[in-house]
Amino acid sequence: MKKAGAAVVRVFRLMNNYFELLQMPQEYDVDLEQLKTRYETVRGQIHPDRFANKSDAEKRVAVQYSALLNDAYQTLLSPVKRAVYLLKLGGQDLDLEHETIADENFLVMQMQLRERIDAGEDVKSEIESNVKELTELLSQAFSSNQLEKAKFLTQKLQFFIKIKV
């Protein structure tokens, strides 16, 4: 069974990105059921317990690969993390914690929405509608390689996802 351990080491070194790792097309629209199925399949193949009788190096690589797989799955599962990751792959870094939106109208809308929430108004359907619209716009922006627009839309989506919680 030495071949299986060597294969994991080889595959681990060859992985360029999370989409390749999970054998998913590199695009914003992700079939979440397919993603889950691929994740579970790969996880079963590389779970560290399968390498209990292998060398320490192979065990270590299996643990690292398993951690990478978990990170890949969580990133592609989240609409915001997936967008940030695609931007990174496209050469656009986005630090959601430190980069702010310069759109004055959007900032005013944020303040008004927070005031409505503080006043006890139910805005759940409005937020869900905005999330849906922004994910559709993000899909279009990534499909047409409009990364600056995707960056701006990702920042907006982040706001609605955070406020939804």
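The model is predicted, so local features need pLDDT of at least 70 and side-chain atom pairs count only at pLDDT 80 or more, while totals for chains, interfaces and linings use all residues. Residues are numbered from 1 along each chain as its sequence is written, and side-chain values use heavy atoms, with hydrogens and water left out.

Leaving aside residues up to four places away in sequence, Leu22 touches Leu35, Arg38, Tyr39, Leu69, Ala72, Tyr73 and Leu76, a contact being heavy atoms within 4.5 Å.

The structure also holds five salt bridges, each defined as a side-chain nitrogen of Lys or Arg within 4 Å of a carboxyl oxygen of Asp or Glu; the table lists some of them.

| Salt bridge | N to O distance |
|---|---|
| Lys151 and Glu99 | 3.9 Å |
| Glu121 and Arg116 | 2.9 Å |
| Glu126 and Arg116 | 2.5 Å |

Because Glu126 lies in helix H7 and Arg116 in helix H6, their pair ties together parts that are 10 residues apart in sequence. Arg116, Glu121 and Glu126 are linked in a network of salt bridges. Lys151, at 15% relative accessibility, counts as buried, whereas Glu99 is partly exposed at 32% (buried means under 20% relative accessible area, exposed over 50%, and partly exposed in between, with a 1.4 Å probe and protein chains only).

Terms used:
Helix = DSSP H or I, 4+ residues; strand = E, 2+ residues; numbered from the N terminus.
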